[in-house]
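Visitor: Could you walk me through this one? I'd like to go piece by piece and ask as we go.
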Amino acid sequence: MKKTDVKIGSEYFATVTNKKVTVRIDAENSSGGWDATNLSTGKKVRIKTAGRLQGSARAAGTPATETRARKRVAKKTAEATGGEKKLSCVKAALKVLTDNGEPMNAQEMIAAMVDAGLWESPGGKTPHATLYSAILRDMKRGDESRFVKTDRGRFTARA
């Protein structure tokens with residue numbers, strides 16, 4: 001797009017932080033370029049060159065606020081899913097330790113939780129490391145901790 005084609009008050013598609021958004025040109029900037037408003041976020045932005053503008057937004061017939069608006073996904077509740085609420089990793093580990101009764105390391109706890117169907121990794125590569133870290137954070141609470149360290153890397157549930 002050329003500098004002469006830009007009109008104050010018009011709406012254009014523009015590249016802002018590597019995203020294609022709709023902006024309204026508010027005024028010409030004294031340092032060059034234009035002051036504009038990102039229509040999807042309402043924030044003021046500066047368009048330094050006409051090369052950032054990719055054409056008129058109204059010519060495409062798309063509503064201005066639709067280009068970058070993020071969709072909010074409602075979290076599934078226990079009532080919506082029709083079943084019980086899933087346990088967190090730490091709570092599932094605590095349940096496995098109380099049911100088993102003997103000390104376990106983090107990898108054994110993860111395997112037991114998955115086998116029992118109490119918890120499933122959301123896709124992480126090292127869920128055992130995350131569980132181990134969470135148990136250590138819990139143990140910093142001292143006597144209020146739900147876990148007891150019995151040996152190097154092995155834990156039981158506090159009685």
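This is a predicted model: local features need pLDDT of at least 70, side-chain atom pairs count only at pLDDT 80 or more; totals for chains, interfaces and linings use all residues.

Visitor: Which residues of helix 4 are buried?
Guide: The buried ones are A106, M109, I110 and M113. Viewed down the axis of helix 4, these buried residues fall within an arc of 100°, so they line one face of the helix.

Visitor: What do they pack against?
Guide: The buried residues of helix 4 pack against helix 3, helix 5 and strand 7. Taking M109 by itself, and leaving aside its neighbours within four places in sequence, the contacts are A93, L97, M104, L131, I135 and F155.

Visitor: Which residues touch the most other members in the largest nonpolar core?
Guide: That core has 19 residues, and L97, M109, M113 and L131 are the ones that touch the most other members. Two or more residues each come from helix 3 (89–100), helix 4 (106–116), helix 5 (127–139) and strand 7 (154–157), with helix 3 giving the largest share, 6 residues. Apart from this core lies another, of 13 residues, including V23, I25, I47 and A50.

Visitor: Switching to rings, how many aromatic pairs are there?
Guide: The structure holds 1 aromatic pair.

Visitor: And what lies over the face of F13?
Guide: K20 lies over that face of F13, at 4.7 Å from the ring centre.

Methods. Residues are numbered from 1 along each chain as its sequence is written. Side-chain values use heavy atoms; hydrogens and water are left out. Rings of Phe, Tyr and Trp (its six-membered ring) pair if their centres lie within 6.5 Å; planes under 30 degrees apart count as stacked, over 60 as edge-to-face and the rest as tilted. A charge sits over a ring if NZ of Lys or CZ of Arg is within 6 Å of the ring centre and within 35 degrees of the ring normal. A nonpolar core is a set of buried Ala, Val, Leu, Ile, Met, Phe, Trp, Tyr and Cys residues joined through side-chain atoms within 4.5 Å. Buried means under 20% relative accessible area, exposed over 50%, partly exposed in between (1.4 Å probe, protein chains only). Helices (H or I, at least four residues) and strands (E, at least two) are DSSP runs, numbered from the N terminus. Contact means heavy atoms within 4.5 Å. The arc is that of the directions from the helix axis to the C-beta atoms.
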